Amino acid sequence: MGGFSDTLAIDHDGLVVASVLSRLAEPTLFAERIEEVHAHPELESFDLLTLNDGQCLECYSRPQRISDSIIGRVWSFRDITIRKRVEEQLLWRTTFLESLMESAPDGIIAVDAAGKKILQNHRIAELWRIPPEIAENPDDSVQVAFVKNQTLDPQGFVDKVSHLYANPEQTLHDEVELRHGVILERYSAAVHDRYGKYYGRLW
């Protein structure tokens, strides 16, 4: 593990533990974990550790055996600082996007290339009068089957949706008239990354 000398790494266990604890942001929790596995040598452990300098580590330990006898314990540490920062950034972006969608006056839904709903705001359910059990179902085809019957032209509605999923390069801007007199303006476009890879469709 970075910051520990080779001499310390092969030295007495107490020196290694003391050095590790001195660098942890919350040393008490890890000290309690060490006491737990020493008291129960057969246990395996997995912990996420944060150092004083912000570095993040995965810590895994398991008993070392010869035949059926436990002769010691192996500890391994992996630096996951970069991965954690990427995960936190992704979580922040996702949270921001969800908040933005929920505050929008339009109904918005994002569907991936396999037909699974990735994001959908509550306004969609309000506009289409979709019950929770269907709105929360990740399969977009279930929702399409439900909402089509509210339109004046159910088959035309389904055909257009199918056509757009089969032709990801196309966009759509039209109107959908519902049986109870409401007219919805509809817009749909494919989602691609900077290299042109198709990820799904936004409605």
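Predicted model: local features only at pLDDT ≥ 70, side-chain atom pairs only at ≥ 80, totals over all residues.
I begin with charge on the surface: Asp 106, Glu 175, Glu 177 and Glu 185 gather there in a patch of negative charge. A patch here consists of residues with over 30% relative accessible area and no salt bridge, like charges being joined within 9 Å. Asp and Glu count as negative, Lys and Arg as positive, while His and the chain ends are not counted. The place of a charge is CG for Asp, CD for Glu, NZ for Lys and CZ for Arg. Accessible areas come from the Shrake-Rupley method with a 1.4 Å probe, and for residues only the protein chains shown count as cover.

Residues are numbered from 1 along each chain as its sequence is written, and side-chain values use heavy atoms, with hydrogens and water left out.

Helices (H or I, at least four residues) and strands (E, at least two) are DSSP runs, numbered from the N terminus. With a relative accessibility of 65%, Glu 185 is exposed; the classes are buried, under 20% relative accessible area, exposed, over 50%, and partly exposed in between, with a 1.4 Å probe and protein chains only.

How many salt bridges does a search of the whole structure find? The search finds eight, a salt bridge being a side-chain nitrogen of Lys or Arg within 4 Å of a carboxyl oxygen of Asp or Glu.

One of them joins Arg 78 to Glu 58, with the closest N and O atoms 4.0 Å apart. This pair links distant parts of the chain, since Arg 78 sits in strand 3 (residues 69-79) and Glu 58 in strand 2 (residues 56-66), 20 residues apart.

Another salt bridge brings together Glu 87 and Arg 83, at 3.5 Å from N to O. These two residues are four apart in helix 4 (residues 81-103), and therefore about one helical turn separates them. Glu 87 is partly exposed at 38%, and Arg 83 is partly exposed at 40%. Salt bridges link Glu 58, Arg 78, Arg 83 and Glu 87 in a network.

Finally, Arg 123 forms a salt bridge with Glu 126, the closest N and O atoms lying 3.1 Å apart.

Terms used. Patch = residues over 30% accessible without salt bridge, like charges linked within 9 Å, V, L, I, M, F, W, Y side chains within 5 Å.
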